[in-house]
Amino acid sequence: MLKVHGRTGYYQHGCRCDVCCEAAERNRAKNRANRAASRAIRLDPEPMIAFMRDKYDQRGLPRDRMFERWRRTGLSIWECDRYCVKYGIHPLELYPYEFYKGCA
Ligand SMILES: [Zn+2]
């Protein structure tokens, strides 16, 4: 028998009693809410565009259509993270405050 029921019971011990299932569902709801809040954050794309133009100019690969979309919709923190990782910088180097807010 499990001594402690809840999220840990559900994820680590595979318990499916009511207490553990409800705790897991609360956890999933919290994660959904966090993702929705992160999606709502839109960064100013200009620092990213300037950075990427610099990189792409060296490799001859302009991404003007993507940049246009970013200017229309703003830059999501996921796209920001993806391209920063690709070019070996940390998102905080381009977005000292906004990116941090998106990850909080
Ligand atoms: Zn349980």
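Two conventions apply throughout. Residue numbers start from 1 along each chain, following the sequence as written. Because the model is predicted, local features need pLDDT of at least 70 and side-chain atom pairs count only at pLDDT 80 or more, whereas totals for chains, interfaces and linings use all residues.

The protein contains seven helices and two strands, where helices (H or I, at least four residues) and strands (E, at least two) are DSSP runs numbered from the N terminus. Read from the N terminus, the order of these elements is α-α-β-α-α-β-α-α-α. The predictor's confidence in each residue is expressed as pLDDT, on a scale from 0 to 100. Its mean over the protein is 87, and 86% of the residues reach 70 or more. Confidence is highest in helix α1 (residues 7-13), with a mean of 95, and lowest in helix α7 (residues 98-103), with a mean of 64.

Burial is assigned by counting neighbours: a residue is buried if 20 or more other C-beta atoms lie within 10 Å of its own, exposed if 12 or fewer, and partly exposed in between, with C-beta atoms placed from the backbone. By this criterion, 16% of the 104 residues in the protein are buried. Two residues are in contact if their C-beta atoms, placed from the backbone, lie within 7 Å. Among contacts with a separation of 6 or more, 46% join residues 24 or more positions apart.

Helix α2 covers residues 18-40, and its 23 residues should span 33 Å at 1.5 Å a residue; the C-alpha atoms at its ends are 33 Å apart, which agrees. The expected span is 1.5 Å times one less than the number of residues in the helix. Of the 23 residues of α2, the number buried is one, so this helix lies largely in the open.

Cys20 belongs to α2 and is buried, because 21 other C-beta atoms lie within 10 Å. Not counting residues up to four places away in sequence, Cys20 touches His5, Gly6, Gly9, Tyr10 and Cys15. The C-alpha atoms of Cys20 and Thr8 are 7.8 Å apart, although 12 residues separate the two in sequence. Gly6 itself lies in the segment before α1 and is partly exposed, with 17 other C-beta atoms within 10 Å. Beyond its neighbours within four places in sequence, Gly6 is in contact with Val19, Cys20 and Ala23. Gly6 and Glu22, 16 residues apart in sequence, have C-alpha atoms 7.7 Å apart. Glu25, also found in helix α2, is exposed, with 12 other C-beta atoms within 10 Å. Its C-alpha atom is separated by 10.0 Å from that of Tyr10, 15 residues away along the chain.

Attention now turns to the core. In soluble globular proteins, nonpolar side chains tend to be buried together. A nonpolar core is here a set of buried Ala, Val, Leu, Ile, Met, Phe, Trp, Tyr and Cys residues joined through C-beta atoms within 7 Å. The largest one has 10 residues: Leu43, Met48, Met52, Trp70, Leu75, Ile77, Cys80, Cys84, Leu94 and Tyr95. Helices α3 (46-59) and α5 (77-86) each supply at least two residues of this core, and α5 gives the most, with three.

The buried residues of α5 are Ile77, Cys80 and Cys84. Viewed down the helix axis, these fall within an arc of 60°, so they line one face of α5; the arc is that of the directions from the helix axis to the C-beta atoms. On the other side of α5, Trp78, Arg82, Val85 and Lys86 are exposed. Gly88, with a positive phi near 70°, follows α5.

Helix α4 (residues 64-73) has 10 residues, of which the number buried is one, so α4 lies largely in the open. Gly74 follows α4, and its phi is positive, near 85°.
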